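Let's walk through a protein fold together, one piece at a time. Keep the picture open while you read.

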Amino acid sequence: MKFVLLIILFCVGTVSAVPAEVDDRVEYTTSLNSIASIVMNWYGSLITTNENVSFAATEKKWDLYRSYYPHNMTQIHITETDLTKVEGSDNYQFSVDSLVSYKNTTGEHSQLISETFIFQLLPFAQPIIKSISINKVEQKEVVHTIKFNRAHYKAREFAYAWIAYLDGVEMMQATIYADQWLDKASYSVKIGGDVIQGSVATTLAKRKQYLAKGGHLLRSLDIKKIAGKSNTFILDLIVEWKGINQTGKPVLAKIHQEIEYKIQDNNAWHVISIKEQHLLPDIAPWAGLLC
């Protein structure tokens with residue numbers, strides 16, 4: 001069964017365009033977001049060679065998989081993705097086309113690499129990479145940018161893990177460094193004239209009356225440095241949520257989150273506060289699988 005982007009349904013018109021099977025939405029978003037977080041960590045780890053690498057079952061094969069890619073990579077630009085569930089199993093196939101920039105003794109170079117990840121993913125669990133295969137490698141013109149660097153992938157690794165956690169994937173807590181901040185950070189939500197404020201746990205519990213069952217998808221991400229605060233940033237997210245509220249009524253939400261965090265000396269993220277505001281929802285189709 002191949003997942004088809006549910007965003008196509010938005011062209012129909014109003015909130016009533018919510019899919020009939022909310023469970024499909026939950027399965028799709030939890031699978032996509034948790035897999036995307038692992039993939040972002042994978043590419044970030046390829047760019048950075050001075051960090052410990054741990055990918056569960058694939059850890060012993062890291063040197064083999066790393067040999068598939070050029071050395072001294074400066075950036076990896078993901079250009080196309082596709083997610084497919086493998087029939088009759090708990091495996092998912094995630095296909096990625098990426099433009100890889102790297103340097104060697106002859107100068108700067110770029111390659112277009114098409115590859116396929118096979119993930120094992122049980123419901124609400126952390127995905128495990130079972131295998132990676134390179135389908136095609138093609139030389140391209142040099143790309144002069146470092147936008148898609150380690151920091152680019154670190155932010156997306158956190159963002160996808162966070163919204164997977166919002167949808168119930170508790171196993172993503174380690175990826176978001178939850179043990180360091182989850183019981184300490186403040187979390188406020190503004191929906192129309194209603195305001196919810198408190199700890200992450202209490203706010204999420206009250207938030208469920210509005211967003212009871214469904215799933216989040218990341219639409220945009222930006223990072224802003226906070227002036228006057230050392231290593232402190234705002235992760236600015238626009239997230240779409242689709243599902244039902246506590247009374248079973250279909251809901252389509254456009255959510256703006258500002259996550260203030262500080263990068264610790266060990267590169268872990270310590271979240272200080274989360275501010276969330278619900279905006280007027282969009283009904284336009286969404287171009288692209290990942291942000």
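This is a predicted model: local features need pLDDT of at least 70, side-chain atom pairs count only at pLDDT 80 or more; totals for chains, interfaces and linings use all residues.

Residues are numbered from 1 along each chain as its sequence is written, and side-chain values use heavy atoms, with hydrogens and water left out.

Let's begin with the sheet. Helices (H or I, at least four residues) and strands (E, at least two) are DSSP runs, numbered from the N terminus. Here, 6 strands form an open sheet in the order 6-5-10-9-8-7, with mixed pairing; two strands pair if DSSP finds at least two bridges between them. Strand 6 (194-199) and strand 7 (213-225) are at the edges with a single partner strand each, so one side of each has no neighbour in the sheet. Further in, strand 9 (residues 250-263) and strand 10 (residues 269-279) pair in the antiparallel sense over 10 bridges, and E260 stands opposite S273 in strand 10.

Now find helix 3 (residues 150-166), which has 17 residues. Of these 17 residues, 16 are buried, meaning under 20% relative accessible area (1.4 Å probe, protein chains only). Helix 3 lies across strand 5 (186-191), strand 7, strand 8 (232-244), strand 9 and strand 10. Just after helix 3, G168 takes a positive phi of about 105°.

How values were computed
The expected span of a helix is 1.5 Å times one less than its number of residues. Buried means under 20% relative accessible area, exposed over 50%, partly exposed in between (1.4 Å probe, protein chains only). Contact means heavy atoms within 4.5 Å. Axes are lines fitted to C-alpha atoms, for helices over the stretch in contact, and angles run from 0 to 180 degrees between N-to-C directions.
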